[in-house]
Amino acid sequence: MKIVIGYLYPSVMSQYGDLGNVITIVRRCHWRGIGAEVRELEIGEPVDPGHIDLFLVGGGADTHQRLVCEDLLTVKGDGIRRAIDAGAAAFAVCAGYQLWGHYYRTATGEDLAGLGVFDAHTIHRAAQTGTRLDTIARAGSVRAVGNLVVKWGDQILVGFENHGGRTYLHPGARPLGKILAGRGNNSEDGWEGCTYKNAIGTYLHGPALPKNPRLADHLIRTALRRHHGDVRLAPLDDTQENAAHDRAAERSLARPSRGKRLWGQGVG
Ligand code: GLN
């Protein structure tokens with residue numbers, strides 16, 4: 001039994017340690033005797049929809065998104081969409097999440113067309129407000145930065161966020177979960193992330209998966225399902241993972257983040 005991981009743009013899109021998501025999936029498979037092959041898919045490399053069970057893509061600055069968006073649409077787009085429609089899993093973080101929506105409007109107001117896997121679009125706050133990012137203070141004033149805690153079914157997901165983009169889900173699109181701390185999609189509607197079939201988009205950086213072992217296992221099970229049916233994963237000793245998770249949740253929920261303070265009063 002094995003899964004094939006399609007790691008999109010490792011040399012361009014891996015901000016805030018998102019490589020840790022790939023390592024986590026590989027380790028949690030290997031500890032159970034499940035094979036995990038990582039296919040690094042850089043610019044120019046097409047996607048064979050029948051071969052990838054799990055797509056992983058990380059974050060990046062607007063510059064990085066500009067670099068990959070053409071390739072994502074014209075070289076990989078069809079393969080990714082067909083794989084997702086055939087049940088492949090995906091975990092797309094921040095800039096990756098934004099480019100899997102319909103479009104991302106950058107801080108300078110340029111629209112980068114997206115894959116449209118997620119029925120959502122994203123606009124950088126600076127483009128919404130006309131804020132010029134010519135000082136650190138102004139650049140910081142439009143970013144959602146801090147701890148992020150999300151209620152996902154009966155689970156709590158922890159991580160941090162750092163993004164200028166505000167993502168808006170279209171009617172009928174499903175969010176990943178409800179925000180308990182942080183800003184999430186757009187600091188307005190209280191939701192975080194988006195899901196479509198077995199694809200998950202999120203603003204959870206960290207990397208997210210080491211501190212959220214349930215989510216990692218969910219992705220492994222989903223990735224296995226296409227070729228191996230429903231597989232029961234052997235339990236692992238997650239003492240350290242759970243301790244890190246619980247500590248992060250405790251800290252984030254104990255001190256309401258700036259976002260949560262804003263929440264109570266509605267969004268500025
Ligand atoms: N460039 C995007 C934004 O600012 C994504 C940032 C990221 O991936 N951390 O919203």
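This is a predicted model: local features need pLDDT of at least 70, side-chain atom pairs count only at pLDDT 80 or more; totals for chains, interfaces and linings use all residues.
A quick word on ground rules: local features need pLDDT of at least 70 and side-chain atom pairs pLDDT 80 or more, while totals for chains, interfaces and linings use all residues. Residues are numbered from 1 along each chain as its sequence is written, and side-chain values use heavy atoms, with hydrogens and water left out.

Start with the ligand, which sits in the largest pocket. Pockets were found on a 1 Å grid over the protein atoms alone, as open sets of points with protein on both sides within 12 Å along at least five of seven lines; to sit in one, a molecule needs more than half of its atoms within 2 Å of its grid points. Helix 2 (62-85), helix 3 (95-99) and strand 9 (155-163) are the elements that give two or more residues to the shell; helices (H or I, at least four residues) and strands (E, at least two) are DSSP runs, numbered from the N terminus. In total, 17 residues surround the ligand, and the closest are G60, D62, Q65, C94 and G165; a residue counts as near if one of its heavy atoms lies within 4 Å. Sorted by class, the shell has 10 polar, five nonpolar and two charged residues, with Gly put among the polar ones.

Polar contacts here are pairs of N or O atoms within 3.5 Å. The backbone supplies an N or O atom of G60 at 2.9 Å from a ligand oxygen, and one of G164 at 3.0 Å from an oxygen atom of the ligand. From Q65 comes a polar side-chain atom, 2.9 Å from a ligand nitrogen. The protein covers 98% of the 300 Å² of accessible area that the ligand has on its own (Shrake-Rupley method, 1.4 Å probe).

R28 and D217 form one of them, with the closest N and O atoms 2.9 Å apart. This pair ties helix 1 (residues 19-30) to helix 6 (residues 213-228), across 189 residues of chain.

As for the backbone, most residues other than glycine have a negative phi, and most peptide bonds are trans. Y16, in the loop between strand 1 (2-8) and helix 1, has a positive phi, near 55°. The peptide bond from G206 to P207 is cis, with omega near 5°, and P207 is found in the loop between strand 14 (199-202) and helix 6.

How values were computed. A polar contact is a pair of N or O atoms within 3.5 Å; within protein, one must be able to donate a hydrogen and the other to accept it, and residues adjacent in sequence count only if both atoms are side-chain atoms. On a 1 Å grid over the protein atoms alone, a cavity is a set of points where a 1.4 Å probe fits but cannot get out, and a pocket is an open set with protein on both sides within 12 Å along at least five of seven lines; lining residues have an atom within 4 Å of a point. A salt bridge is a side-chain nitrogen of Lys or Arg within 4 Å of a carboxyl oxygen of Asp or Glu.
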